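Subject: Structure handover

Hello,

Here is the structure we talked about. Please open it alongside this note.

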Amino acid sequence: MNDQIAIPCVVMRGGTSRGPFFLASDLPADPGLRDALLLSVMGGGHDLGIDGIGGGNAVINKVAIVGPATVPGADVDYLFAQVRVREGIVDTSPNCGNMLAAVGPFAIEAGLVAAGGDRTRLRIHNVNTGKLIDATVATPGGRVTYEGEARIDGVPGTAAPIELSFPNAAGARTGRLLPTGRPTDRIEGIDVTCIDAAMPVMLVRAADLGCTGREAPSDFADSGFRGRLERLRIEAGRLMGFPDPASMVIPKPILIAPTSEATLSTRYFMPHDCHSALAVTGAVAIATACVTTGTIAAEMVGPLVPPVPITLAHPSGELVVRLEPGPVARVQRTARRIFEGQVFARRSHVPHSVLAA
């Protein structure tokens, strides 16, 4: 043994994201102590997370904490944390639908949920939003399998399909589908739609910011563009009721543009870097906006009524959200277990109360 703090950990890919998964019982219950451990594990304080297992991109600076359900009707709890390694901040205000795809397999293999036949359906309580999401996982012979023929854009190869179903996703954080009370608001002369469905987001026409909506993520390096998008995002957050959106990763800003190849072309920001693909929760929000009268998305795509597939183009390909009456949004993802063992936090980074526990 060495002089560091060892924590059981499983690294998993969920959808187009990747990060460590922890059992809630293996972390401190106190949020401040928990976050200190997570920052040390992920390498907080450095752009690349060089002193931890984080990375230089938000899609691999994510953490999932899973434990027994604390609400009726759920099988497990899932708390998502976005670790901002550069600033040394752990943000639990958003949800992540890509990491969510790996919660079911992790929970089954951790013994929190029993496999039920060739396909296991479990209900996940997202602690961040209070919402319940259904996940269906391939478990032939009563065991999780990761091999299969499902393909998702943004991940090489194929894997076993995982279906995520978001019933009644409206008002995930604010309690309202349209938190400002309007389908369209105007900020600094730009029309935006502030909508909260699985994730609070701000939609803006790419053309209104001088973009096509088909750019590569690296094309958004201009500091002037980034500053303008952040000002819009912060003001949208205030209009949505968030007291200090500058310190949060929500609402997420999304550029949308018309395209003949899909329902919409999208560029999703996290909130400062452009996603190499598309967040599942962001996709649910965009798709919901497409069928909500008066939003800039609905005006762009024309009248759509569920049941309807919404195909969203992103830098790595496409993501399809199937909207059904209810309302229910369904998305297919995949996941993979990559590593299991112990990850280490530095004792010098953690409050003494953790060390004494």
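Below is what was found, topic by topic.

This is a predicted model, where local features need pLDDT of at least 70, side-chain atom pairs count only at pLDDT 80 or more, and totals for chains, interfaces and linings use all residues. Residues are numbered from 1 along each chain as its sequence is written, and side-chain values use heavy atoms, with hydrogens and water left out.

**Nonpolar cores**

A nonpolar core here is a set of buried Ala, Val, Leu, Ile, Met, Phe, Trp, Tyr and Cys residues joined through side-chain atoms within 4.5 Å. Buried means under 20% relative accessible area, exposed means over 50%, and partly exposed is in between (1.4 Å probe, protein chains only). The largest core has 85 residues. Phe21, Tyr78, Phe166, Leu203 and Leu255 touch the most other members. Helix α5 gives the largest share of this core, eight residues. A separate core has 21 residues, including Val11, Leu27, Val41 and Leu79.

Tyr78 is worth a look. Beyond four places in sequence, its contacts (heavy atoms within 4.5 Å) include Ala64, Cys96, Met99, Ile124 and Asn128.

**Thr266**

Thr266 sits in strand β13, residues 264–268. Helices (H or I, at least four residues) and strands (E, at least two) are DSSP runs, numbered from the N terminus. Thr266 counts as buried because its relative accessible area is 0%. Its side chain reaches the backbone oxygen of Ala313 at 2.8 Å. Leaving aside neighbours within four places in sequence, Thr266 also touches Gly213, Ile254, Leu278 and Pro315, among others.

**Aromatic pairs**

There are four aromatic pairs. Rings of Phe, Tyr and Trp (its six-membered ring) pair if their centres lie within 6.5 Å; planes under 30 degrees apart count as stacked, over 60 as edge-to-face and the rest as tilted. One of the pairs is Phe225 with Phe269, tilted, at 6.0 Å centre to centre and 50° between the planes. This pair links distant parts of the chain, 44 residues apart. Phe225 is in helix α4 (residues 223–239), and Phe269 is in the loop between β13 and α5 (280–290). Both Phe225 and Phe269 are buried. Ring pairs join Phe220, Phe225 and Phe269 into a cluster.

**Salt bridges**

The count is 19 salt bridges, each a side-chain nitrogen of Lys or Arg within 4 Å of a carboxyl oxygen of Asp or Glu. Three of them:

- Asp35 and Arg34 have their closest N and O atoms 2.9 Å apart. Both Asp35 and Arg34 are buried.
- Glu87 and Arg84 meet at 3.7 Å, N to O. Glu87 is partly exposed at 39% relative accessible area, whereas Arg84 counts as buried at 11%.
- Arg186 and Asp191 meet at 2.7 Å, N to O. Arg186 counts as exposed, at 56% relative accessibility. Salt bridges with shared partners join Arg186, Asp191, Arg205, Asp208 and Glu299 into one network.

**Cysteines**

Best wishes

Conventions
A polar contact is a pair of N or O atoms within 3.5 Å; within protein, one must be able to donate a hydrogen and the other to accept it, and residues adjacent in sequence count only if both atoms are side-chain atoms.
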